[in-house]
Amino acid sequence: MHEETVLPLADPQTRRALQLDALSAILPIDRRDRLAPILTDDDVATLKHLARAGMGDNSLRALASDLAYLEAWARAATGAPLPWPAPEGLALKFVAHHLWDPARRDIEAAHGMPADVADALTALGALRLKGPHAPSTVKRRLASWSALHRWRGIEGPFAAPALRAAVRLAVRASARPRQRKSRRAVTRAILDRLLATCRGDRLADSRDRALLLIAFGSGGRRRSEIASLRVEQISEEAPVTPSPGEPAFAPLPCMAIALGRTKTTGADDDARVLLVGPPVAALRTWLERADIARGPVFRAIDRWEGLVDRALTPQAVNLIVKRRCAQAGLDPAQFSAHGLRSGYLTEAALSGVSLPEAMQQSQHRSVQQAASYYNDAERRQGKAARLAL
């Protein structure tokens with residue numbers, strides 16, 4: 001009598017890795033394998049439910065990342081997985097561990113995240129930087145934690161006055177300033193320097209030129225929107241006449257992009273942005289050279305100039321921007337793909353485009369956020385910061 005072979009499905013980590021295969025189109029395999037030992041079976045079931053419910057890929061990726069961090073932190077701080085529902089005290093502990101005053105830490109070692117918790121999170125790769133977290137990151141993870149409670153049909157402590165007061169006071173005490181996603185904006189002058197690196201005959205030059213012009217000219221599209229752009233979203237529009245003062249005299253080519261589901265628009269929204277002039281010409285050249293008639297617009301290219309069927313990832317879009325910055329003699333650390341979005345609004349402000357008109361193209365929902373780029377542009381052009389000259 002021989003022994004029956006036992007499959008490794010009894011191992012929770014292996015079982016969860018296999019369960020996460022259903023999300024392989026959303027979660028990269030390296031992230032999937034990293035999440036498997038952290039997430040519980042119930043966590044995986046929740047993520048699969050949200051994927052079936054139609055949650056956007058980017059939102060689901062962010063939620064999975066937040067949930068994995070919360071699980072890892074709970075085990076490091078309490079020795080147990082996240083409880084559902086979470087008690088108010090646990091949420092307050094989370095705030096205390098992540099938003100704290102570095103000056104007070106110097107005189108009180110117990111202030112902030114305990115060293116053993118930080119060491120455990122660092123060993124898991126969940127904690128990369130020392131010091132308090134960015135307030136925006138803490139608020140986002142609390143919002144994700146609250147949303148997961150709602151989707152599980154249970155009440156959480158996140159509306160409790162004590163928790164809200166703790167977050168408000170902790171943000172005020174934290175000395176960490178808010179960091180922009182791109183330290184420098186890709187304004188028109190910088191964009192021209194990046195485009196100058198795309199004048200070669202390689203297929204990648206045509207792709208990157210079209211990518212940069214479309215990302216900027218369509219209102220500063222997010223890298224996820226550029227990566228997921230498909231030919232089916234693009235439609236030809238009637239040529240438009242140049243505006244007064246523009247050098248062209250002949251009608252300019254025009255295309256429209258149907259945005260579909262984005263960070264600020266739903267799949268059912270009729271959100272469209274226009275491309276006029278050079279972005280249209282660059283896109284036509286790229287699609288013709290790459291012989292792309294359907295599917296993803298921007299795709300990977302191998303070392304032999306062979307086109308890959310799969311779309312670029314958002315991370316690849318970011319790397320293209322950084323690589324072109326390096327080729328243009330700029331510091332890649334100062335720029336990211338988000339610089340095209342902030343650069344569009346900055347350039348709109350410098351060019352005298354009204355904020356509502358710019359927001360219609362950029363599809364910003366927050367007037368406050370969009371206006372911040374206008375305010376920065378006005379300050380740079382104003383006299384207030386030049387009185388010491």
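Is Phe-216 buried or exposed, at 9% relative accessibility? Phe-216 counts as buried. The legends below describe close-up views of a predicted model.

**Figure 1. Overview of the protein chain in the predicted model.** The protein chain has 17 helices and five strands. Of its 389 residues, 44% are buried. Among contacts between residues at least 6 apart in sequence, 63% join residues at least 24 apart.

**Figure 2. The aromatic pair of Phe-216 and Tyr-344.** The structure holds four aromatic pairs. In the pair shown, the ring centres of Phe-216 and Tyr-344 are 6.0 Å apart and the ring planes stand at 75°, so the arrangement is edge-to-face. Phe-216 belongs to helix H11 (residues 203-217) and Tyr-344 to helix H15 (residues 338-350), so the pair ties together parts that are 128 residues apart in sequence. Tyr-344 has a relative accessible area of 14% and is buried, as is Phe-216 at 9%.

**Figure 3. Helix H11 and the residue that follows.** From first C-alpha to last, the 15 residues of H11 reach 21 Å, close to the 21 Å expected at 1.5 Å a residue. Of these 15 residues, 13 are buried, so H11 is largely enclosed by the rest of the structure. After the helix comes Gly-219, with a positive phi near 105°.

**Figure 4. An aromatic cluster and two arginines over rings.** One aromatic cluster is formed by Trp-73, Phe-94, Trp-145 and Phe-158. Trp-145 is also one of the buried residues of H8. Elsewhere, charged side chains lie over ring faces. Arg-105 is placed over the face of Trp-100, 4.8 Å from the ring centre. Arg-141 takes a position over the face of Tyr-69, at 3.9 Å from the ring centre. Arg-141, too, is among the buried residues of H8.

**Figure 5. Helix H8.** The 17 residues of helix H8 (residues 135-151) should span 24 Å at 1.5 Å a residue, and the C-alpha atoms at its ends are 24 Å apart, which agrees. Its buried residues include Pro-135, Thr-137, Val-138, Leu-142 and Ser-144.

**Figure 6. The salt bridge between Asp-66 and Arg-140.** Side chains of opposite charge can pair when their charged atoms come close. The structure has a count of 13 salt bridges. In the one shown here, the side chains of Asp-66 and Arg-140 meet with an N to O distance of 2.6 Å. Asp-66 is in helix H4 and Arg-140 in helix H8, so this pair ties together parts 74 residues apart in sequence. The two partners can be described by their accessibility. Asp-66 is buried, at a relative accessible area of 0%, whereas Arg-140 is partly exposed, at 38%.

**Figure 7. Glu-71, a buried residue without a salt bridge.** Glu-71 is located in helix H4 (residues 57-78). What is the nearest side chain of opposite charge to Glu-71? That side chain is Arg-75, 4.1 Å away. A salt bridge requires a nitrogen to carboxyl oxygen distance within 4 Å, and Glu-71 has none. Leaving aside residues up to four places away in sequence, Glu-71 touches Ile-38, Thr-40, Asp-43, Pro-81, Leu-82 and Trp-84.

**Figure 8. The salt bridge of Arg-188 and Asp-192 within helix H10.** The closest N and O atoms of Arg-188 and Asp-192 are 2.9 Å apart. Both residues lie in helix H10 (residues 188-196), four residues apart, or about one turn of the helix. An α-helix has 3.6 residues a turn, so residues three or four places apart point the same way. Arg-188 is partly exposed, with 37% relative accessible area. Asp-192 is partly exposed as well, with 36%.

**Figure 9. A buried salt-bridge pair and a salt-bridge network.** Glu-225 and Arg-222 form a salt bridge in which the closest N and O atoms are 2.4 Å apart. Both Glu-225 and Arg-222 are buried. A network of salt bridges links Arg-202, Asp-205, Arg-207, Asp-208, Arg-323 and Arg-324.

Technical notes. Residues numbered from 1 in each chain as written. Predicted model: local features only at pLDDT ≥ 70, side-chain atom pairs only at ≥ 80, totals over all residues. Heavy atoms only, no water. Phe/Tyr/Trp six-rings, centres within 6.5 Å; stacked < 30°, edge-to-face > 60°. Helix = DSSP H or I, 4+ residues; strand = E, 2+ residues; numbered from the N terminus. Buried < 20%, exposed > 50% of the residue type's maximum accessible area, 1.4 Å probe, protein only. Lys NZ or Arg CZ within 6 Å of the ring centre and 35° of its normal. Lys, Arg positive; Asp, Glu negative; His and termini not counted. Contact = heavy atoms within 4.5 Å. Expected span 1.5 Å × (residues − 1).
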